[in-house]
Structures are given as structure tokens and as C-alpha cells.
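Student: I am new to this structure, and I would like to go through it with you step by step. Could we begin with the aromatic rings?

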Amino acid sequence: MYEANESLLTKGERASHRLVHPNYNRWPMLGSMDMFTSLPVLNWYADSADNVVEQLRDQLQRDYKVLLRNSVKKKHIAKKITQRASSLANPLQVVFDNEGTIVEYEFQIVVIAAGFGDESSTNWGFKDYWTREEDFDKDTHTRPCTVYGLGDGALIDILRCCARSPDDAWRIPLGVIARLRSDHATELFRDNSEVKVRSPTFEPFEKKIQAHEESLRSVAWAMTRSSQAIANGYARDESHFYLQCIDELKTNKGDLIDFLEEQLKPVARTDLRPLLVGALDYAFEPTAAPINKLLLAYLLVTERISYVPTTKKQQVEELEHWRAQTEIERRSKITICRFGAPKNFPLKKSPSGRGKAKRTTPAHGVEVVVRSKTVFSETQTEEHLVDALAGITGGEYVLFDAMPHRVTVAHFGDDNDKVTSATIAKNKPILLKFAKDNLDATDVDFQPRKKSRAARWVIITNLDNERIRERLMNLGGLDGNFFGTPIVLNPTPSRDSGAAI
């Protein structure tokens with residue numbers, strides 16, 4: 001594996017102010033808010049970015065130390081991949097930049113996982129999404145604030161601006177989601193209860209959002225972005241829908257509204273009211289996460305923020321003006337730019353379809369040359385589809401999908417129950433860390449399936465029913481399964497009656 005940076009998992013390692021969640025953007029579209037992944041390797045649970053990085057690094061050191069030492073080359077930036085004659089033993093040639101030295105290697109197979117480049121906002125001197133910017137005001141507004149962009153990053157940061165505790169603002173959407181889910185999202189069963197794997201259930205309000213957020217809306221919007229009128233039409237529809245949702249919540253969900261009012265700063269006077277700036281007539285970009293659009297609607301309805309539609313040209317001029325200001329002038333107000341990042345792969349042809357690939361792409365961009373010596377490029381339709389689907393589709397981390405290690409298979413042979421149990425059990429450290437951090441657990445035990453009882457995870461904690469509910473409410477709820485196996489609580493002898501909580 002060739003890594004461009006000096007070390008692995010550097011992005012987000014200090015971002016305690018950012019949430020990383022496997023299903024946050026999909027709620028309530030794909031059936032789950034499960035905070036645990038069940039990948040073949042390197043699993044984790046939702047938390048602040050720095051905590052997730054810590055989880056992954058711990059696993060790397062515990063399970064893949066030899067592999068890291070022998071099979072990972074750092075500070076290698078892939079620059080060009082060339083397909084040569086298929087008759088060669090290694091038909092693919094890769095050119096790397098290794099700290100200024102160009103090196104070439106040959107391979108049979110190459111997998112490109114170059115991700116996204118630097119955010120375009122860094123061109124003006126802004127910090128990227130994962131780097132802590134200047135501190136937002138706490139408890140009340142004392143400086144003007146402007147956030148540029150309408151994607152999820154911008155909506156998350158306009159919420160941070162309005163939160164009483166900006167660094168913990170990521171807990172607000174989780175609390176909202178938990179209060180919109182069914183009661184069993186904040187319940188766990190006791191170990192002496194008969195339990196089964198839970199299937200996600202939906203409340204009427206969640207079903208309403210599902211019906212509105214069908215995938216084709218986002219795909220259609222993305223594929224017609226070249227038409228400002230059509231894009232504005234979709235944004236208008238989004239605005240009407242989510243503003244109506246807030247009216248419904250204010251009527252029927254007083255506890256949720258109370259929660260939001262506790263978490264958000266008071267409404268600022270007009271000259272300090274935060275501004276969200278975008279290129280659409282309405283602030284609702286259809287591809288943004290439903291929970292972010294719902295919170296945006298609440299901020300607008302309660303007049304905590306104002307939306308200012310401007311052209312991209314005007315926005316660039318304002319950002320250039322910001323770059324020209326002195327440090328003292330910049331600190332007198334809060335300015336955040338969230339225009340996103342271009343993809344590192346593939347590099348595009350010139351607009352005419354001739355000539356070399358554009359060099360306006362990120363430093364980690366990879367040029368791919370096939371036998372015909374042309375630079376590989378997506379079609380416009382493919383590009384729009386990828387962009388539209390990236391945030392709202394993909395596999396859910398609901399069903400057990402971990403690959404058994406070949407040594408495990410060799411050890412247990414045809415006994416699939418034992419192979420599955422051993423594979424599940426190896427992920428105990430993930431659930432144990434989660435339970436200790438969030439449920440004051442002293443231990444976690446995996447109990448394999450028996451003839452008279454299904455397999456289960458048992459979390460041993462002395463927290464009472466109400467405290468468990470409070471903790472889960474702050475986490476967006478819990479689906480109650482880990483690697484396809486129910487999670488239960490060990491009974492507390494002095495107060496537990498064996499009932500679900």
C-alpha cells in the first residue's frame with residue numbers, strides 16, 4: 001500500500017469537534033441509524049473524528065503491526081498510471097513522487113483509492129473541514145458570522161455557529177434523531193429476557209421524510225445542475241417541505257423543540273444574526289442530509305440565521321476581499337467557507353477533449369493512461385451520478401458481514417456456528433470501548449448460540465433504566481445489535497426486574 005502522507009489516518013486525528021457516523025447522512029432513508037460498522041476489517045463506532053481515528057489506530061497496532069511494517073510505504077504520491085502491453089508480466093506502470101524523487105514500479109493489478117483533494121476554500125487561506133478554525137462564540141453571539149456553501153459541511157457549521165457549545169454541536173442532530181425514532185431506539189433488554197435481532201422500525205414522521213427523499217430526486221437534481229432555473233425549482237420544493245416539517249414538529253413534538261431551545265443560542269440582534277450564503281434562490285440543496293436540512297429549517301423559522309443568495313462570482317469576490325484583510329480584521333467576525341473538494345481521480349481531459357490533463361486538480365491527482373494513450377475521464381452523466389449518489393446510497397452497516405479469517409476457518413472446519421462466533425467475538429474490543437465510554441460498563445461478554453438460546457452480547461453495567469435512556473438519547477439511539485447479534489444488559493440485582501428498558 002502506497003500512502004501519500006507521512007502517516008496513516010491523519011485526517012480527523014485532532015477533530016474532536018466533528019462527528020463521524022456510518023449512517024448519519026442516510027437517516028431515515030436506508031433503514032438504520034446503527035452506529036457500528038461491520039466491515040471485513042477495521043471496524044469502529046460513531047463518535048468524534050479523533051476518537052474514531054484512535055479506534056482504527058489501536059486496531060492497526062493490535063492486529064496488523066507486521067503488515068504495517070512490511071507492506072506500507074509512506075510519502076508516496078501516485079502521479080501517473082500507464083497501461084502497457086498485456087503480454088508483459090506486470091502490465092501496469094506507476095510513477096510516484098517520493099519526497100521530490102520520482103520512482104517507478106510495475107504491477108499486475110492496481111487499486112486507486114486517492115479520495116478527494118484539498119478543499120477549494122484553502123485557496124483563500126481558510127482551514128479545511130477537519131482542522132479547527134477560530135473558536136465560535138459560546139452561549140451567545142458576539143461577532144457577525146458568515147458561512148459560504150449549501151452542502152452538508154456548510155449546514156453543519158452554521159449549526160455550530162448557533163449552538164451554545166459549538167464543539168459539541170454534533171450532538172444536537174443525534175439528539176433530534178433519537179427523539180424522532182421509536183422508543184425502542186433508546187431501550188436495551190436485560191440478559192434474562194428473550195431477545196431477538198431487532199429490525200429497524202419507523203415512526204410516521206420518519207416515513208414522511210422517506211417518501212420525500214426518494215433517490216431519484218437527488219439524481220435528477222444533480223444531472224440538471226447546469227440549469228439554474230431547474231436547480232432553483234428543486235431547492236424551492238425542498239424548502240417548502242422542510243419548513244412544513246418544522247411546523248408539524250412545533251405542534252406535535254414539544255419535547256424536541258425544548259431540547260433544541262436548550263442547545264441553541266438565543267436569537268441574535270439583526271447585526272449579529274449569522275448569514276448562510278449560497279448560489280441557489282433557496283438554502284436547501286436536495287443532496288444535503290435530511291437531518292441537516294431539518295435543522296436548517298428550524299434555524300430559519302426561529303430567525304436564528306438569514307439566508308443570502310448570491311452568484312458564485314460575488315462569493316469569490318467576497319472571499320478574495322477576506323483574504324486581503326488583516327488578521328485583526330478577520331478576527332472581528334467569523335467567516336467559514338465550505339465549497340468542498342475536487343476528486344483526486346480521475347484527472348480530466350481539456351474541454352476540447354485534446355491535449356494533456358488539466359493541472360488545476362489537487363496535488364494528489366492521479367493521471368491514468370490506457371493503451372491508446374488517452375487520459376481516462378468520466379462522462380458528464382457518470383460524474384453527476386457519482387456525485388448525487390455518494391451521500392445517500394451504499395451499503396448499510398446492519399447485517400453481519402465480516403469475513404472469517406482463514407486461520408479461524410482452518411481451526412473450526414465445517415462448524416459454521418463456531419466460525420461465526422469466533423469471527424464475531426474478535427470484535428469485542430470495539431463494543432467494550434463503546435460500552436465503557438458511554439454506558440459505564442465494567443465488561444462485555446459474548447455468549448455464543450446454544451440450543452435453548454440465541455447468541456447475544458451482554459454489557460455489564462450498573463446504570464439504571466433512566467440513565468441508560470439518557471445516554472442513548474444523546475447518541476441518536478441504538479439499533480440494539482452488534483455484528484448481527486442482539487445487545488442486552490446484565491441485570492442489576494438490586495433494582496432490575498427483567499423487563500425491557
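Tutor: The structure holds 17 aromatic pairs, where rings of Phe, Tyr and Trp (its six-membered ring) pair if their centres lie within 6.5 Å, and planes under 30 degrees apart count as stacked, over 60 as edge-to-face and the rest as tilted. This is a predicted model, in which local features need pLDDT of at least 70 and side-chain atom pairs count only at pLDDT 80 or more, while totals for chains, interfaces and linings use all residues. Residues are numbered from 1 along each chain as its sequence is written, and side-chain values use heavy atoms, with hydrogens and water left out.

Student: Which kind of aromatic pair do F36 and F434 form?

Tutor: Their ring centres are 5.1 Å apart and the planes stand at 80 degrees to each other, an arrangement that is edge-to-face.
The pair links distant parts of the chain, 398 residues apart, with F36 in the loop between β1 (19–20) and β2 (47–48) and F434 in helix α15 (residues 428–439); helices (H or I, at least four residues) and strands (E, at least two) are DSSP runs, numbered from the N terminus. Both F36 and F434 are buried, where buried means under 20% relative accessible area, exposed over 50% and partly exposed in between (1.4 Å probe, protein chains only). The answer is therefore edge-to-face, as is the pair of Y129 and W130, because its centres lie 5.0 Å apart and its planes stand at 85 degrees.

Student: Is W130 buried or partly exposed?

Tutor: Y129 is buried, since its relative accessible area is 14%. W130 has a relative accessibility of 26%, and so W130 counts as partly exposed.

Student: Over which ring does the charged end of K312 sit?

Tutor: A charge sits over a ring if NZ of Lys or CZ of Arg is within 6 Å of the ring centre and within 35 degrees of the ring normal. R179 lies over the face of F259, 4.0 Å from the ring centre. For K312, the charged end is 5.0 Å from the centre of the ring of F339.

Student: In which sense do strands β8 and β9 pair?

Tutor: Two strands pair if DSSP finds at least two bridges between them, and in one of the bridges here L275 has S306 in β9 as its partner. Strand β8 (residues 275–278) and strand β9 (residues 306–309) are joined over four bridges, and the sense is parallel.

Student: Which residues does I291 touch, leaving out those up to four places away in sequence?

Tutor: I291 belongs to the largest nonpolar core, which has 53 residues, and is listed with I172, V176, L260, L276 and L294 as touching the most other members; a nonpolar core is a set of buried Ala, Val, Leu, Ile, Met, Phe, Trp, Tyr and Cys residues joined through side-chain atoms within 4.5 Å. With contact meaning heavy atoms within 4.5 Å, the residues that I291 touches are Y24, W27, P173, V176 and I177.

Student: Where does E303, with its positive phi, lie?

Tutor: Most residues other than glycine have a negative phi, and most peptide bonds are trans. E303 is not a glycine, yet its phi is about 60 degrees, and E303 is partly exposed, because its relative accessible area is 46%. Its place is the loop between α9 and β9.
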